[in-house]
Amino acid sequence: MCGTSVAPDGPYRDNLLGARKAIPLILDLFEEFNVAASWAAVGFLFAESRRDREDFSPAVRPQYADTRLDPYSEPTGENEAMIPCTTRPV
């Protein structure tokens, strides 16, 4: 998931890395128990590679007063298997 802020040893690291496996299971549970839910994937979550992220980036980017919140400055691996928030391939 390119463009997502996660500290390398932060509490959400494992949740993020397991999202691709967890999301289909959650959606199956919603269907099984007839749960109505809204679901959205935004921004760079569609990007599977650095190239995709660059292609999805707008030509004119917003300016952030707090640059720590700028998703465009987040480092990304070459692809989703090599993301910077982990020292090992996913």
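User: What pLDDT does the protein average, and what share of the residues score at least 70?

Analyst: This is a predicted model, and the protein averages a pLDDT of 74, with 66% of the residues scoring at least 70. Over residues 1–6 the pLDDT is below 50, although this stretch has 24 contacts in the model beyond near neighbours in sequence.

User: In which helix is confidence lowest, and in which is it highest?

Analyst: Confidence is lowest in helix H1, which covers residues 13–17 and has a mean of 63, whereas it is highest in helix H2, residues 19–32, at 88.

User: How many helices and strands are there in the protein?

Analyst: The protein has three helices and zero strands, and read from the N terminus on, its elements run α-α-α.

User: What can be said about burial, surface and contacts in the protein as a whole?

Analyst: Of the 90 residues of the protein, 23% count as buried, and the accessible surface comes to about 6,900 Å², of which 57% belongs to carbon and sulfur atoms. As for contacts with a separation of 6 or more, residues 24 or more positions apart account for 47% of them.

User: How should I read a salt bridge, and how many does the count come to here?

Analyst: The general idea is that side chains of opposite charge can pair when their charged atoms come close. In this structure, with a cut-off of 4 Å between the side-chain nitrogen and the carboxyl oxygen, the count comes to two salt bridges.

User: Which side chain does Asp 55 meet in a salt bridge, and where do both residues lie?

Analyst: The side chain of Asp 55 meets that of Arg 51, with an N to O distance of 3.5 Å. Both residues lie in helix H3, which spans residues 50–56, and they are four residues apart, about one turn of the helix. Asp 55 is partly exposed, with a relative accessible area of 49%, while Arg 51, at 55% relative accessibility, counts as exposed; the two receive those labels because exposed means over 50%.

User: Which side chain meets Asp 66 in a salt bridge, and is each partner exposed or partly exposed?

Analyst: Asp 66 meets Arg 68 in a salt bridge whose N to O distance is 2.8 Å. With a relative accessible area of 29%, Asp 66 is partly exposed, whereas Arg 68 is exposed, with a relative accessible area of 66%.

Technical notes. Residues numbered from 1 in each chain as written. Predicted model: local features only at pLDDT ≥ 70, side-chain atom pairs only at ≥ 80, totals over all residues. Heavy atoms only, no water. Helix = DSSP H or I, 4+ residues; strand = E, 2+ residues; numbered from the N terminus. Buried < 20%, exposed > 50% of the residue type's maximum accessible area, 1.4 Å probe, protein only. Contact = heavy atoms within 4.5 Å. Areas by Shrake-Rupley, 256 points an atom, 1.4 Å probe, with all protein chains shown as cover. pLDDT = per-residue confidence, 0-100.
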